[in-house]
Amino acid sequence: MTGRALGVCYYPEHWPESWWEEDAARMVAAGITWVRIGEFAWSRLEPVSGDLRLDWLDRAIATLGAAGLKIVLGTPTAAPPRWMLDRHPDMLARGKTGQLRKFGSRRHYDFSHKGYREECARITEILARRYSNSPYLGAWQVDNEFGCHDTVLSYSSAALIGFRAWLATKYKDIGDLNAAWGNVFWSMEYGEFDQIDFPNGTVTEANPSHWLDFHRFSSEQVAAFSRRQAEIIRRYSNLPILHNYMGRITDFDHFAVGAELDAASWDSYPLGFLEDRSDAANSWKADFARQGDPDFQAFHHDLYRAVGRGRWWVMEQQPGPVNWAPYNPAPLTGMVRLWTWEALAHGAEIVIYFRWRQAPFAQEQMHAGLLTPDSREAPGLAEATQVARELASGPEIEGPPLASVALVFDYQSAWAWSIQPQGADFNYFRLVFEVYRGLRLNGLTIDILSPDVEDLSRYSLVVVPGLLAWTTGLRTALSGYHGHAIIGPRTGSKTEHFGIPASMPPDLLALETRVAHVESLRPDCSLPLEGGGHFYIWREITDGSSFIVERTVDGVAAMRRQGRLSYLCGWPDRVAMRRLLGEIAQGAGIRTTPLPDGLRRVETPGEVFWFNYAAEPVALAAVVGDSSLPEVLGPADFHRGARTESR
Amino acid sequence: MTGRALGVCYYPEHWPESWWEEDAARMVAAGITWVRIGEFAWSRLEPVSGDLRLDWLDRAIATLGAAGLKIVLGTPTAAPPRWMLDRHPDMLARGKTGQLRKFGSRRHYDFSHKGYREECARITEILARRYSNSPYLGAWQVDNEFGCHDTVLSYSSAALIGFRAWLATKYKDIGDLNAAWGNVFWSMEYGEFDQIDFPNGTVTEANPSHWLDFHRFSSEQVAAFSRRQAEIIRRYSNLPILHNYMGRITDFDHFAVGAELDAASWDSYPLGFLEDRSDAANSWKADFARQGDPDFQAFHHDLYRAVGRGRWWVMEQQPGPVNWAPYNPAPLTGMVRLWTWEALAHGAEIVIYFRWRQAPFAQEQMHAGLLTPDSREAPGLAEATQVARELASGPEIEGPPLASVALVFDYQSAWAWSIQPQGADFNYFRLVFEVYRGLRLNGLTIDILSPDVEDLSRYSLVVVPGLLAWTTGLRTALSGYHGHAIIGPRTGSKTEHFGIPASMPPDLLALETRVAHVESLRPDCSLPLEGGGHFYIWREITDGSSFIVERTVDGVAAMRRQGRLSYLCGWPDRVAMRRLLGEIAQGAGIRTTPLPDGLRRVETPGEVFWFNYAAEPVALAAVVGDSSLPEVLGPADFHRGARTESR
Amino acid sequence: MTGRALGVCYYPEHWPESWWEEDAARMVAAGITWVRIGEFAWSRLEPVSGDLRLDWLDRAIATLGAAGLKIVLGTPTAAPPRWMLDRHPDMLARGKTGQLRKFGSRRHYDFSHKGYREECARITEILARRYSNSPYLGAWQVDNEFGCHDTVLSYSSAALIGFRAWLATKYKDIGDLNAAWGNVFWSMEYGEFDQIDFPNGTVTEANPSHWLDFHRFSSEQVAAFSRRQAEIIRRYSNLPILHNYMGRITDFDHFAVGAELDAASWDSYPLGFLEDRSDAANSWKADFARQGDPDFQAFHHDLYRAVGRGRWWVMEQQPGPVNWAPYNPAPLTGMVRLWTWEALAHGAEIVIYFRWRQAPFAQEQMHAGLLTPDSREAPGLAEATQVARELASGPEIEGPPLASVALVFDYQSAWAWSIQPQGADFNYFRLVFEVYRGLRLNGLTIDILSPDVEDLSRYSLVVVPGLLAWTTGLRTALSGYHGHAIIGPRTGSKTEHFGIPASMPPDLLALETRVAHVESLRPDCSLPLEGGGHFYIWREITDGSSFIVERTVDGVAAMRRQGRLSYLCGWPDRVAMRRLLGEIAQGAGIRTTPLPDGLRRVETPGEVFWFNYAAEPVALAAVVGDSSLPEVLGPADFHRGARTESR
């Protein structure tokens, strides 16, 4: 792992060239050592098709680099210029109702469009060839925020041609497709692949197998699009190639994209995400409105550490109020520093703030930067500067985090349960995230794993909630696993073709039960558990009267356990999730530390970090029961302490 | 009436042929004597246009029949195969915004499309000719669930051509249409019929007369589509021909469709309908989440008994959790039996469970069957078996129910008040249903009548809420009627052309009042009645100070009565509805039995049935005040007792 | 100002010609002296293109005029007949998703369509030429309710051609447009004007500068459409030309339309607007459900007085229940009279009721008139008659109102903050309206001003909330102004091109502060003010520790004041708004009269009017602290008293 460092996003094309040098000097003075540029500059790099104007970028790189900054250079493919549409009039994606996703903002392209893919390859090669040898370059970024603005699934002609070809390649025989999808059900059988349309717009719901394959196809387009650029850059450059993912985007398989890149990164906007992408109750949102959800960033840190196979960055870090959530408050003083340190504790190599100076024009003019539009210091700059000083003066952060618990996250499951939730509130991301929160509320440090994991031996406990279908790898890993495992609810309830497995859910021979039927629950029909808390959203009725370790008050099995393998027969609410996971973790020999709602703990090989997301101080030592800790941890503050085995 | 019996829906094409015999044997062992097949099998009957493959159906019928089962054979026209679209590319319906209702699920056809109608006639004739003489056949079903998935109104080219022709036939002179619709109002006058478009997509609301005629046209397309199949079958077969209607579908006139068939049937999904198609408050939905609304099934039983002119079945009975409501809980143990018995008490000839074995593929894989996908018994099977035993051992159920009260239900009124509700919460079905519930909460047994009824002499009380316009038949029947009648609110407030009648609402000379104006009420502006309860949603200000028998607390007349004719000047809430209807029923000499929310009573010529929909036991004898009844009736249980005149 | 008078809307084409004379006589008997006709009659004036049939209109005018009525004649261009579409198939507007706004109701035309503009010029000239010399004519109305039913912004081909030409004229060089809009931001730069599309349908939000120019273009189309008719009429007639605006329509600049007309008018539907166009809480809506919002009418009276440069009418006054709001109750007895008098107190010349007789057909058959459909008196007629008598017998109303406070209202700001609200609840109309209510709750009388005002010297206090960008006029007026001024929140926060001004918000040198950043607030995150009440929806963090006169409890400046210039750093709720505005008004030497929620006060040069909107009587003298007033003012009643300097 390279040394931890800070960076900032910069758009030289937005400012007079005469400002660049001073901007660079101020960055360096603040302790910033990386600068990300270029990802939206295509109309300046090539104002007219074929008319390349790279000289300004040469000078920008030279100016920034000369100041001592390392550069992340982005390919500009997320924002094709207007002339591109004249060359490729059918390159735009179409939405679910067929509407054109028009020019005038960004991400206006269809991943399936072969012509646009060629244009992207061309501009990537031009940049890779020209800048690979720059001494100032430190890394590459391909495109920007794949999938943002609902751009993975497209219903365009280009996508339809691609989808049919993809299906023909996968199934070869149309009869096999009919059988795999169960098309006999409503006389939906096809005679040839070219009769197949998108699954949108059907009179009532389309076949879920049809939808699942369309999601798979769409996800693979993203991976292919990304891979193409990475392959080109790699021909010229040995620098790490990254993409910057977003928060709670599940429309494509990030593991598949990440497999072809050198490291992952993501864009962390704690306040925007809390307001816009959280299932939390309004009271929770109000409590954390200026701090962000205490688990959302950590979850993505851990997820993208897995996607990056250990290597990951924060490519964009919220530095103040943003412009895009329904409500956009300012962070509490201290939160920008806290967020940065939390990322570092979870193993981030570089944390890059978005953006240097607030733009006084266009869509994001209400998005804060480290500078205000008139170049004064915005509050985020002081906090970034403080982190830079702390980094420089403090001990090296050992990494990655030291996780005793593993949690499996699977993008296909997210597609599947969005296609056929069976209950209005069933959402896969939410389920996994609530498990993650339940583990964190027990003070645990977690690794997130791909469903293709083949070795679980590092962990005392592995949790597999809501998995669509077992992978060979995970099935094998589990069968030889000596730690404790919790699976369910809904885990293993389908085949890869989105059917019910012949052996019935959870489709795991080691468990001597099967799910007889399930219930999705109205919000006012949650079911109390005998041990406290409730099942809500979902519960399952399983066969057999043995191995029951927990029941709902109506006497139905709520958790079953055979040896070290537990099956969770429902979706626990926060109280029950914390209790049940805590009990199992203790049973697995893991030391738990029950935490209040706003306090979080992360363990690294050498240290324990404590983060206070609450708006009030917390009596840390007393709450945690460890007198070696500070008595009080202030709001929006963190504590970094040595790890002692005895604790 | 034939003997009461049970059946099950079966899809031989979904299972290996080798399973059929054992499946049939298990059905028979459970006491099931009917099996419904065929209604989605077109792609297997004719995999390619003109290539008929009926041999498997021959064998399926032979196998099932040989086991002792009588067969209901469905025409497969609700699910045209994919090749049909190649032959009739314009056969798809279009939705209100013009969107194509695409292939990929079911019901993807436009009722107006002449080419598809011919294809349906062809396949119907093929089936009718081949199977009419089968000794195993017991009945025919045409198509499946007309109107389900919002498929009655179509905005396609085929529908537009049809609509214009229909208008030209109806009005002959375009000036007559302009006059009937009042098109002078906003210069909306047409010069010729071919200038008329659908009423959708106008800048602000279209003329309600325009909408009403479009509803009438659309409803007639359904009736014509159904009639065509019935006529063909009748040429070959004397067996009863049915269609299976759905719950709370009002887009077409079921009386018109039913007039050409031999019996009605409907698909009864108590839990799905409570969650998805009920206006009840959330607390009511929570109380009955695993039992269904205590009145919804009964209402449709009585409605379809009228549609079937006395003969009706349940063609699909929910056997466990379904897949299509926002939340899908499992029924309380006992409810499948209770629902079945309730249908029988209301006069159902046959009750058929949907479906035999849960499908492990495609859209309905989360819909329970009597068997689980791995062929084990699901909970519904035991309850069905119990009913079969009870039927076999118990006395014959006399029928139909013995109703002292009649309630008029009119599909045109449902269209009219959806077109121009005048208040966001005004819904015709809801109004009639709440009247029905109010009557049931008084322990009454009800007949539902078509607005074309010409004889009311069997009833002591008739209720006519919210009727758009008087029919000649009903006007005549009322004028010679010697029982009590309640009309209003909104009854008789329009002409057949959707204008205000010259004599003003309620357009009934027998009533010496007219509605001066109306109010639609905010949910927080309901109006207390002097006698208890409230008017909500709607109230009317009527002329005159005489004949007032109830007032709202602001002094406005709430009910008027002249002799045996009462006018209800608003929409009573549950408390007021129960009270007012109870008082009138008593005034009409009907014995009432006030019931708690979960208990219901049905009277037949020889018996009284009591159904407990509550999740708790009810102290039946004490609550009803009849010591001859059992002391306690358990949750999800029913009691069947002899009718004693003295009670 | 002409003498105050009452009128009624009448549609001779809806009734038998034989009724006209008696209708006219009844109007006159009721004290009505004006009648508005003609605005939807095009299909009767010209049933087929070019086939003019004006004879019936000649006779209608003659009959009405002979009875003593003055006539307002409307051009019928809001409802083009069906044949117009055959002549101009592309004349329909298109909505934001591209959908055609079809024929079948009204307002089905695109303001940009040149062919339709010519047709309108033609019919206007025909009417102007024929009726200008009629002795009975009193005024002209052009079209009807511009902008109603969301008809200003159109996404049609005609609009696109127009928009591109408009941009080319405005910017001349495409590079200037790119610079003004900041199109470099996401490579959104254009090479030529014809590459520019509408800003709808982009993948994520379009450039706000793009939207703002589209709004400007669209607004100018309305003004040009209106001006064309006015210019034609003016060639033939000296009578006043008006248009009837609606309530809370902000899609076009009414000041620009009004500048070319002789007087303004508007259509006042207090109950419909409260239910349908109010941000008030449900409890407020319930309290005033039968009276209307106590400030909504007054606001529009004052706004349209400004639009009409002092001259204004009510062209349509609600006379009873309407048909178009989600809930449509009837007004309390007395409210029709109260609304009429309130308009007169605010300076209305004529108040015209809509409509004479309730139509028994078509879209508005549930909209009350002064007569019921069977020609009996509806409740509104008695109240209108009473006002007529009161007008005839009472003293002349001096006018216009005597305002000590001015409030600036700017349509461009409404567009801007709808384009980029930065917080889900930020709405410009709502902000200005809540300021207006806060002033009224202090008993103040208000003038509303255009942002182009150049002289503020008549006022002791001027309030400028939420203004997008300073106009030269207002900037100059403020700099020489000797009264008190309150600006903010958000005032001066943008340039005319929708960028952040170089000197930073509020872009006013007189204020030694700048807005560093802003927060939009969740509804559950409002911020208490030290002096009482809260900021909600919005607050700003401003620079500097001086000049702070109010803080939120978190210590942040909530109001700053330098001399007589105050900056309001957030959006006060009702409690805070009333308090802060009252304190400032008193500081400006204005006598305030704190009023309860339902009571309002209007001052004219000679009188003070008191209006009781509450459903209960108010103890007027005690509440106001003026023993010369009546002790009690009944619900839905008003009091008119002499103005005494001492009070």
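Q: How much area is buried between chain A and chain B?
A: In this predicted model, local features need pLDDT of at least 70 and side-chain atom pairs 80 or more, while totals for chains, interfaces and linings use all residues. Residues count from 1 along each chain as written, chains are lettered from A and ligands numbered from 1 in written order, and side-chain values use heavy atoms, without hydrogens and water. Buried area is what two parts lose on being put together, summed over both (1.4 Å probe). Carbon and sulfur atoms give 52% of what chain A and chain B bury, and the total is about 4,200 Å².

Q: Which residues of chain A lose the most area to chain B?
A: Look for three residues on the chain A side. Together they make up 19% of what that side buries, and they are Phe185(A), Trp186(A) and Val203(A).

Q: How many residues of chain B are in contact with chain A?
A: Contact just means heavy atoms within 4.5 Å. Chain A brings 47 residues to this meeting, and chain B brings 52.

Q: Which residue of chain B forms a salt bridge with Arg522(A)?
A: A salt bridge puts a side-chain nitrogen of Lys or Arg within 4 Å of a carboxyl oxygen of Asp or Glu. There are six between chain A and chain B. For Arg522(A), the closest N and O atoms are 2.9 Å apart, and the partner is Glu275(B).

Q: Which element gives the largest share of the side of chain A that touches chain B?
A: This interface also has 30 residue pairs in polar contact, both at pLDDT 80 or more. Two strands (DSSP runs of at least two residues) each give two or more residues to the chain A side: strand E13 (515–520) and strand E15 (534–542). With five residues, the largest share comes from E13(A).

Q: What is the percentage on carbon and sulfur atoms where chain C meets chain A?
A: Here 47 residues of chain C are in contact with 52 residues of chain A. Chain C and chain A bury about 4,200 Å² between them, and the part on carbon and sulfur atoms is 53%.

Q: Which residue of chain A forms a salt bridge with Arg522(C)?
A: Six salt bridges cross the interface of chain C and chain A. In the one made by Arg522(C), the closest N and O atoms are 3.0 Å apart, and the other end is Glu275(A).

Q: Why do the rings of Tyr245(A) and Tyr304(A) count as a stacked pair?
A: Rings of Phe, Tyr and Trp (its six-membered ring) pair if their centres lie within 6.5 Å; planes under 30 degrees apart are stacked, over 60 edge-to-face, the rest tilted. The whole structure has 175 aromatic pairs. In this one the centres are 5.1 Å apart, and the pair is stacked because the angle between the planes is 10 degrees.

Q: Where in chain A does Thr552(A) lie?
A: Thr552(A) is buried, at 1% relative accessible area (buried is under 20%, exposed over 50%, partly exposed in between; 1.4 Å probe, protein chains only). Beyond four places in sequence, its contacts include Leu527(A) and Phe535(A). Its place is the loop between strand E16 (548–551) and strand E17 (557–562).

Q: Which side chain is joined to that of Thr552(A) by a polar contact?
A: A polar contact is a pair of N or O atoms within 3.5 Å, one able to donate a hydrogen and the other to accept it; residues adjacent in sequence count only if both atoms are side-chain atoms. For Thr552(A) the distance is 3.4 Å, and the partner is Arg539(A).

Definitions and conventions
Helix = DSSP H or I, 4+ residues; strand = E, 2+ residues; numbered from the N terminus.
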